Amino acid sequence: MNSKLLQMAGSMALARNSLRAVNQRRRMAAIACADAHKGGKGLVLGLYEKEAGKGPRPTPAGEKFDDRLHGKLSELICETKISGRLGRGKVFNNIDEEFRSVCVVGVGLEGIGFNELEMIDEGMENVRVAAGIGARSLQAIECIEIHVDNMDYPEQAAEGASLATWRFEENLSKKYRSTQPKMELFGSPDTDSWMRGLFKAEAQNISRRIAESPANCMTPTIFAQVAVDTLCPCGITVEVRTMEWIEQQRLHSFLTIAKGSCEPPIVLELAYCGTSPEDKPVLLVGQGITFNSGGINLRPCKGMDEFRGDLNGAASILATMRAAAALSLPINITAILPLCENLPSGMSVKPGDVVTLLNAKTMAVRNIDRTGVVVLADPLIYGQQTYKPRLVVDIGSMCKGVKKAVGGGATGIWSNSHYVWKQFQKAGSLTGDRLWRFPLWDFYKRRVANHRSFDLSNDGNGHASSCLAAAVLNELVPCADWAHLDTYGTGLMTTYGLIPYLRAGQMTGRPTRTLVQFLYQLACPNE
């Protein structure tokens, strides 16, 4: 009996060892296969969703590639049951000599266009999503060169692929950094549109990098150096204004916030001349709080690190200037970027302090957590008095109200011009980075301006914090057409309602592409 048990135990041990060996060989084969598919060239191809009576159909570029493979791609699509549903697909390896990996990804329904209810061009946005997901899938297997199907929209394909493969890894050890692949257009001669898309995506990625940088690596001084390095080679004039100049110009509202930190504040003046110097410029003013702790009104520690991105308004404008120069837009643009930190110290502004603005109005700083309007107030007035612009646009992550209202779905916009709002609405519908207009009524103005002991308060009375902030800024723009963009829900960390081609948990860089598109529409109204 004992001998039989020993025999059974020996047989079971042999079986276990044999199974372990088989599993080990499978693992080694899988690793070898994965390693074999790393590097080399990859290809992203679109697949239209199946409709009534029709199966899924490759794009024209996909059909030509399938002919090159003598129908092998169609067979694989049929076998794997890819439906063409937006963003769903497969990666096929070793089916072509030139491209080691081919990603077939769904583009949704063919011929889809502008959706008036959604206020977005769904055809363009679907291409961004498909190209982004496809490029990221090939990046994951370390393709060093990715060719992207134009899918009828080469500009949008370039945007989606470039935005999706970007990562902020500057503080990561080099051995852990991911491959940043080179992007190429596939199946279309329209290289101009492709390059335009790459320029726009590169601009947004610049904005994302600046906003994502830790606060100790992106102080006002470092931001100024980044601006010089990024813009001067493009022919953009960069003036770096230091404390002495700021005091001479009496930008007291800005200094009221900046004096709480030992980091010296800086004001950047940027100028791009794309047409006759006599033409009035568009004035862009961007909030550049390189770290916002809330000052004496200290924010909760949990999540405070996200507010290193409170410079997203200034970062978006810097990136937009770079794109305007790259695209050679025939328009004059001037930008003013006040840069400082908002920290608690013995020098910090105290709740209830009153400051006199450049236009002789007084402002009470009652809530130090809402410093955006205080930082922008004097620079906004200075820019109008100095440059006499045709249009004023200010950008910043002002108040939580807009995030509670629309989340990450849209950037809030307030404007005293219906024409300006319509241009921004059109730009957002084309870029997929939408804006939503909020009211600029006397109802809100009365809640920030009707006080007995001062002219304005930075927070106003009542709810609707974002509308109250817009009402304060509107009081500082007496004549010009003006728009105010609040990016609190869109310009900081990607959290809710993720956009497939923007990586979760990182800064978004929004609304850079929408701002570039808006300026393009102003510069070239007939195109």
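What you see is a predicted model. The protein chain has 527 residues, and 54% of them count as buried. Its fold includes 16 helices and 20 strands, and we will stop at helix α5, residues 154–165.

**The chain as a whole**
- Along its principal axes, the C-alpha trace of the protein chain spans about 100 × 70 × 45 Å.
- Take the contacts between residues at least 6 apart in sequence: 75% of these join residues at least 24 apart.

**Surface and charge**
- You can count 58 positive and 54 negative side chains in the protein chain.
- The centres of these two sets of charges lie 8 Å apart.

**A closer look at helix α5**
- How far apart should the ends of helix α5 be? Its twelve residues, at 1.5 Å a residue, should span 16 Å, and the end C-alpha atoms are 17 Å apart, so the two values agree.
- Helix α5 is mostly covered, with twelve of its twelve residues buried.
- Among these buried residues are P154, E155, G160, L163 and T165.
- Which elements do the buried residues of α5 pack against? Their partners are the helices α4 (122–140), α6 (191–212) and α16 (512–523), along with the strands β7 (145–149) and β8 (182–186).

Note on methods: Residues are numbered from 1 along each chain as its sequence is written. This is a predicted model: local features need pLDDT of at least 70, side-chain atom pairs count only at pLDDT 80 or more; totals for chains, interfaces and linings use all residues. Side-chain values use heavy atoms; hydrogens and water are left out. Helices (H or I, at least four residues) and strands (E, at least two) are DSSP runs, numbered from the N terminus. The expected span of a helix is 1.5 Å times one less than its number of residues. Buried means under 20% relative accessible area, exposed over 50%, partly exposed in between (1.4 Å probe, protein chains only). Contact means heavy atoms within 4.5 Å. Lys and Arg count as positive and Asp and Glu as negative; His and the chain ends are not counted. The place of a charge is taken as NZ of Lys, CZ of Arg, CG of Asp or CD of Glu.
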